[in-house]
Amino acid sequence: MSHPEPAGVTVLGLGAMGSALAATLLDAGHDTTVWNRTPERAAALSTRGATAAPTIGAAVTAQPLVVAVLFDHASVHETLDPVIEQMRGSALVNLTTTTPNEARELATWAAGHGVRYLDGAIMATPPMIGGPGAAILYSGLREVFDDARPVLDRWADSTYDGADSGLASLFDLAMLSGMYSMFAGFLHGAAMAGSAGMSATEFAGRATPFLSAMTDSFAHFASVIDGGDYTVPGQQSLDFSDLSHIVRASEEQGVQPVPIAAVQELIGKQIAAGHGAEGFARIYESLRADST
Ligand code: FVH
């Protein structure tokens, strides 16, 4: 049985992430064209077999699949506005981090120039690309996802989240929001323990098993939220979850209580609205898009 040739790909943007993506393609035998605003950054990939395009126009016309891994939404326009007409009929996979609405704007703009657009959100660091644990979310034109799949799967586990180009970004940023809130909580705890002389390293050693075990609560909260009944038995009530003692303890130690005070505020809002006897997951109602 004959196997198809690995597809040709152009990678625009050779920062840490773009270089990792291009290197993985080269290792897998793809004909890889690269371009970077600062051309010197293409040198290392050229020695591995990439073709460094001399201009952005040459880069976007070299291959039928163009992958953008630039800094932000503005840099995608700055790079591609001058050459977008030359891309008519091409597929553009944009892995640059944007907001959902910025991704939707890019999809509309690309479609207006006959360019088939797929948005992507990378949930991995550059060293993870091509290895276990790397994931990339995609949304936009399904046909681009399907056609490009042999390329996309070189990098990470690929998930298609739907035709709305903003969804990959939305789900990525939703997970990052959870991650950064958790990080802020950890750092606040480290500052509290640090006020009594505990090193951050010791605190991390003690906190990691406890906080890891607490992630089991996610599934429980999720089932309560999806069930729409915050009164189901077996939950810790909001009245019981009053966190003002943690806020006070933080202040007593001279530590800014900002992350925990934000949680306490959400709890207080639901108690004030008469939901104190209901479960902790109820604070989701203070956060959702249509909450008043
Ligand atoms: N690195 C990571 O861990 C994260 C993982 C999650 C996803 N992000 C996003 O990936 C995009 C690229 O990230 P990066 O790590 O490669 O970023 P840098 O190393 O800073 O490289 C940035 C590249 O963008 C080029 N660039 C910046 N501004 C412009 C512009 N106005 N016009 C054209 N190109 C531009 C820059 O070129 P140069 O400075 O070398 O000339 C780099 O190639 C990003 O959206 C992350 O959020 C990575």
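Tutor: What follows looks at one pair of helices and then at two other places. The model is a predicted one.

The pair is helix 10, residues 244–252, and helix 11, residues 258–272. Their axes are 9 Å apart and the helices pack at an angle of about 155°. An angle over 145 degrees counts as roughly antiparallel, and helix 10 and helix 11 are therefore roughly antiparallel to each other. The crossing of helix 10 and helix 11 is left-handed.

The contact itself can be named residue by residue. Helix 10 brings S244, I246, V247 and S250, and these meet I260, A261 and Q264 of helix 11. Sorted by class, the contact of helix 10 with helix 11 has 4 nonpolar residues and 3 polar ones, with no charged residues.

Next comes helix 9, which covers residues 217–227. Of its 11 residues the number buried is 1, so helix 9 lies largely in the open. Just after helix 9 comes G228, where phi is positive, at about 70°.

D153 has 12 C-beta neighbours inside 10 Å. A residue is exposed if that number is 12 or fewer, so D153 counts as exposed. From D153 to A168 there are 15 residues in sequence, and the C-alpha atoms of D153 and A168 are 16 Å apart in space.

Methods: Residues numbered from 1 in each chain as written. Predicted model: local features only at pLDDT ≥ 70, side-chain atom pairs only at ≥ 80, totals over all residues. Axes fitted to C-alpha atoms, helices over the stretch in contact; angles between N-to-C directions. Helix = DSSP H or I, 4+ residues; strand = E, 2+ residues; numbered from the N terminus. Parallel < 35°, antiparallel > 145°, perpendicular 65-115°, else oblique. Left-handed = near helix turned anticlockwise from the far one by under 90°. Contact = placed C-beta atoms within 7 Å. Nonpolar A, V, L, I, M, F, W, Y, C, P; charged D, E, K, R; others polar. Buried ≥ 20, exposed ≤ 12 C-beta atoms within 10 Å, placed from the backbone.
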